[in-house]
Amino acid sequence: GHMYPLLKFCEHIFHPDQEEHLDNYEKYFTSKKFYDHNDFVEVRNRCYLPVSYKSIKGIKKGGDERLEGIKELIKLGFWNEDKSWFISDCLFTVIFNTIPNDVFVPEPYEQYKKLELNDKLKILIFCGLKYMKVDDFYHVLGEGLLASKYENGIGFNWGHCIKCCFPELHVSAQTQVPRDVPTSGSLPCIDYTFNGNEKLGIELLRDGTNDRIKEHINRFDNKYFPFKECSAILNFITVGVYVKEEFYKSDDIPVYHFVCAENALYLGNELIEIKVSMLKSP
């Protein structure tokens, strides 16, 4: 979702000074020369939170001095100072699931476990929104701007709120979808799954148009098919202009629309809840 690293590296490789590397760009992008370049360092410093192996162990125990920055989820990932490389998605998931909840009152997890999958889906949608504050909807770099057109920043904060509601629940962000048969290329990643073996998936959008929502629904017929039986789309509407009567509704997969300006949640074009989050209500 986040375009800054991609655009920065494209700008870098197409610069006249780097023309000699175009024919063999794959080798260049794994070279020390590239890693030492200011453009690479800039992306690393802007988008990745530096941690060492020692601090990773501290994070897992909930006692690292950098924990406050991690709790805010303002970076795209983590940078291993010992290895001089990005920390794996697997370790990111471990860290994400060990962030302590010292603010909110957890929901009764034993009751949640007894619910049917579709009821769990609804509870997760609501719990993710329940503790979201105005800061959770703002640009990851601050400056008072609403988040970029990609939903990552908002989505990670939403997932963190779910984890605060249910500390025992394993929350997996950007999960690779398993396939029954081998396929070429990387596996597609659904935005959120829960507890590993449960076929329950949630896909997020920010200010999604009806065409974009349809495209995401179609993914459950191919890319995300293991989750089709119990899945939902949550569309965060942060823009000031919208037509509620035109909110997309699907007979196959529930499409929820959270309207920031109203602090209200819609299922299709039907209002189902007000005062949903910690945002101010009109």
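Is Glu107 buried, partly exposed or exposed? Glu107 is partly exposed, at a relative accessible area of 22%; buried stands for under 20% relative accessible area, exposed for over 50%, and partly exposed for what lies in between, with a 1.4 Å probe and protein chains only. The legends below describe close-up views of a predicted model, in which local features need pLDDT of at least 70, side-chain atom pairs count only at pLDDT 80 or more, and totals for chains, interfaces and linings use all residues. Residues are numbered from 1 along each chain as its sequence is written, and side-chain values use heavy atoms, with hydrogens and water left out.

**Figure 1. The chain and its confidence.** The protein chain contains 11 helices and 10 strands; these are DSSP runs numbered from the N terminus, helices being H or I with at least four residues and strands E with at least two. Of its 282 residues, 45% count as buried. Among contacts (heavy atoms within 4.5 Å) with a separation of 6 or more, 57% are between residues 24 or more positions apart. The average pLDDT, which is the predictor's confidence in each residue from 0 to 100, is 77 for the protein chain, and 70% of the residues score at least 70. Over residues 53–67 pLDDT stays under 50, and the model has 21 contacts beyond four places in sequence for them. Over residues 139–149 pLDDT also stays under 50, with 19 contacts beyond four places in sequence.

**Figure 2. Packing of helices α1 and α4.** Two packed helices are described by the angle between their axes and the distance between the axes. Helix α1 (residues 4–13) and helix α4 (residues 38–47) pack at an angle of about 170 degrees, and their axes are 10 Å apart. The axes are lines fitted to C-alpha atoms, for helices over the stretch in contact, and angles between N-to-C directions run from 0 to 180 degrees. The two helices, α1 and α4, are therefore roughly antiparallel to each other; angles over 145 degrees count as roughly antiparallel, under 35 as roughly parallel, 65 to 115 as roughly perpendicular and the rest as oblique. On the α1 side the contact is made by Tyr4, Pro5, Lys8, Phe9 and His12, and on the α4 side by Asp39, Phe40, Glu42, Val43, Arg46 and Cys47. These residues divide into six nonpolar, one polar and four charged. In this grouping Ala, Val, Leu, Ile, Met, Phe, Trp, Tyr, Cys and Pro count as nonpolar, Asp, Glu, Lys and Arg as charged, and the others, Gly among them, as polar.

**Figure 3. Asp39 in helix α4.** Asp39 lies in helix α4 and counts as buried, at 16% relative accessibility. Its side chain makes a polar contact of 2.8 Å with the side chain of His12. A polar contact is a pair of N or O atoms within 3.5 Å; within protein, one must be able to donate a hydrogen and the other to accept it, and residues adjacent in sequence count only if both atoms are side-chain atoms. Not counting residues up to four places away in sequence, Asp39 touches Lys8, Phe9 and His12.

**Figure 4. Surroundings of Glu107.** Glu107 sits in the loop between α7 (89–96) and α8 (109–113). The side chains of Glu107 and Lys130 are joined by a polar contact of 2.5 Å. With residues up to four places away in sequence not counted, Glu107 touches Cys127, Lys130, Cys165 and Phe166. Glu107 and Cys164 are 57 residues apart in sequence, and their C-alpha atoms are 8.6 Å apart.

**Figure 5. Asn210 and Arg219 in helix α11.** Asn210 is found in helix α11 and is partly exposed, with a relative accessible area of 32%. Asn210 touches Glu246, Phe247 and Tyr248, not counting residues up to four places away in sequence. The C-alpha atoms of Asn210 and Glu246 are separated by 8.4 Å, for 36 residues along the chain. Arg219, found in helix α11, is buried, with a relative accessible area of 17%. Leaving aside neighbours within four places in sequence, Arg219 is in contact with Glu203, Tyr224 and Phe225.

**Figure 6. Positive phi at Asp207 and Lys275.** Asp207, in the loop between β6 (201–206) and α11 (210–219), is a residue other than glycine with a positive phi, near 50 degrees. Lys275 is not a glycine either, and has a positive phi of about 50 degrees. Lys275 belongs to the segment after β10 (270–274) and is exposed, with a relative accessible area of 63%.
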